[in-house]
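Work through the following exercises with the sequence and the coordinates open. Each task is followed by a solution in steps.

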Number of protein chains: 2
Amino acid sequence: MVTPYVSDAVIRRLPRYKRFLRSLKLKGQEKTSSKELAQIMDLTASQIRQDLNHFGGFGQQGYGYNVSDLERQIDKILGTDKTYTMGFIGCGRLGEALANYIRNNEPHFKVTALCDIRPDMQGTEIAGAKVMGQSEFDEFVKKNPIDIMVLTVPADQIPSVERICVEANVKGVWNFGLVEISLPGIPVSNMHLSESLESLVYYINHPD
Amino acid sequence: MVTPYVSDAVIRRLPRYKRFLRSLKLKGQEKTSSKELAQIMDLTASQIRQDLNHFGGFGQQGYGYNVSDLERQIDKILGTDKTYTMGFIGCGRLGEALANYIRNNEPHFKVTALCDIRPDMQGTEIAGAKVMGQSEFDEFVKKNPIDIMVLTVPADQIPSVERICVEANVKGVWNFGLVEISLPGIPVSNMHLSESLESLVYYINHPD
């Protein structure tokens with residue numbers, strides 16, 4: 001399927017559709033409508049129709065959407081019907097928590113290798129994969145391609161980590177570091193914990 | 001300062017401004033312009049002027065912005081010039097990692113109490129605060145108000161956790177659970193790790 005340009009806001013909503021569809025499926029519901037989705041997702045029905053029309057639209061006039069079909073279609077659009085290998089650079093508490101989160105909750109993502117510069121971490125196992133030092137990790141990822149590199153390293157390590165990502169030819173980067181990174185030709189999703197927290201603080205201080 | 005309605009997208013950009021201003025300050029730079037900010041933040045200069053004009057605008061024609069002043073002003077708008085107490089419900093790996101992240105990186109947020117239903121966790125200490133069982137935690141938060149409750153619990157515990165947040169009279173909720181929650185009158189920031197990961201996968205599969 002050739003997809004025309006779709007705004008980032010729409011792309012970010014697709015996983016959210018999936019989550020609500022899954023909860024409908026768990027309740028045993030087979031079909032839904034843009035009106036119902038709008039209600040549970042706090043959007044408007046026309047916004048939902050518009051979002052899904054970007055990809056051809058999957059509803060039928062007078063019927064609505066088949067829950068499982070729509071979920072499958074969104075998986076296909078996102079690419080979450082396929083499986084991805086994952087490497088981790090930085091195995092502090094956050095790195096370890098994320099690797100275990102992935103192993104326990106994300107069957108389409110496989111933790112295959114981890115890297116940490118601290119010698120006492122090397123050789124240990126996290127989320128079923130081995131923690132390696134820099135040079136061993138470099139060798140490993142040359143032979144075992146990593147699709148997504150997850151970064152939880154301090155700011156001063158970012159330049160060397162960027163080099164590793166480029167050399168390892170990763171397809172995408174999921175960055176939890178405090179510094180925003182951008183790599184030529186490699187999509188990066190910067191997760192800024194502080195920013196989410198600080199915008200929450202704004203809403204605490206500006207109640208409706 | 002009375003602030004008129006400002007869109008969520010603008011609010012979410014404010015912490016990002018702060019981050020870039022901080023990096024300019026670290027380089028010893030005293031002033032900046034909407035043009036420079038636009039360049040390093042990958043926005044347009046007019047978008048930046050528009051964003052900041054929501055709050056009165058802080059630049060001077062022909063001078064631009066004073067870096068420290070602008071950072072301070074944004075802190076004031078967000079409310080990040082004040083300090084907030086934080087409670088944690090769920091002390092698995094992610095809860096522990098987040099509590100330690102807050103202690104090490106966020107001086108304006110203080111981890112004051114943690115709650116976990118597993119008896120072997122109770123009585124231990126994480127990020128300088130005590131892990132308590134449900135009833136001890138309930139008592140504690142009555143006497144020691146929690147501004148922000150951080151949730152890292154599985155889906156089936158969400159209903160009881162919602163009750164705790166309401167009874168504890170928290171001002172805001174930072175939710176890392178897999179289920180989106182909304183509480184009447186309490187701002188909630190839902191952090192969906194899977195959604196950020198899935199939108200990254202979209203961009204991996206749809207290169208420009």
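Buried means under 20% relative accessible area, and exposed means over 50%. The model is predicted.

**Exercise 1.** Classify A:C165 as buried or exposed, and decide whether A:C165 is in a disulfide.

Solution. 
1. The relative accessible area of A:C165 is 0%. This value is under 20%, so A:C165 is buried.
2. A disulfide requires two cysteine sulfur atoms within 2.5 Å. By this rule, the count over all chains is 0.
3. For A:C165, the nearest cysteine sulfur belongs to A:C115 and is 10 Å away, and A:C165 is in no disulfide.
4. With a relative accessible area of 2%, B:C91 is buried.

**Exercise 2.** Find which residues of helix α7 of chain A are buried, and how they are arranged about the axis.

Solution. 
1. Helix α7 of chain A spans residues 158-167, and its buried residues are A:I158, A:V161, A:I164 and A:C165.
2. Viewed down the axis of α7(A), these buried residues fall within an arc of 115°, so they line one face of the helix.
3. A:P159 and A:E167 are exposed on the other side of α7(A).
4. The cover over the buried residues of α7(A) includes strands β3 (84-89), β7 (148-151) and β8 (172-175), along with helix α6 (134-143), of chain A.
5. Just after α7(A), A:N169 has a positive phi of about 60°.

**Exercise 3.** Determine where A:A45 lies and what A:A45 touches beyond its sequence neighbours.

Solution. 
1. A:A45 belongs to helix α3 (residues 45-53) of chain A.
2. A relative accessible area of 18% makes A:A45 buried, because the cut-off is under 20%.
3. Leaving out residues up to four places away in sequence, A:A45 touches A:S34, A:K35 and A:A38.
4. A:S34 is 11 residues from A:A45 in sequence, while their C-alpha atoms are 4.9 Å apart in space.

**Exercise 4.** Which residues have the most contacts inside the largest nonpolar core? List the contacts of B:W174 in both chains.

Solution. 
1. The largest nonpolar core has 56 residues. A:I148, A:W174, B:I148 and B:W174 have the most contacts inside this core.
2. Neighbours of B:W174 within four places in sequence are set aside.
3. From chain A, B:W174 is in contact with A:L193, A:S196, A:L197 and A:L200.
4. From chain B, B:W174 is in contact with B:M86, B:I102, B:I148, B:M149, B:V150, B:L151, B:S189 and B:M191.

Methods
Residues are numbered from 1 along each chain as its sequence is written. Chains are lettered from A and ligands numbered from 1 in the order in which they are written. This is a predicted model: local features need pLDDT of at least 70, side-chain atom pairs count only at pLDDT 80 or more; totals for chains, interfaces and linings use all residues. Side-chain values use heavy atoms; hydrogens and water are left out. A nonpolar core is a set of buried Ala, Val, Leu, Ile, Met, Phe, Trp, Tyr and Cys residues joined through side-chain atoms within 4.5 Å. Buried means under 20% relative accessible area, exposed over 50%, partly exposed in between (1.4 Å probe, protein chains only). Contact means heavy atoms within 4.5 Å. Helices (H or I, at least four residues) and strands (E, at least two) are DSSP runs, numbered from the N terminus. The arc is that of the directions from the helix axis to the C-beta atoms.
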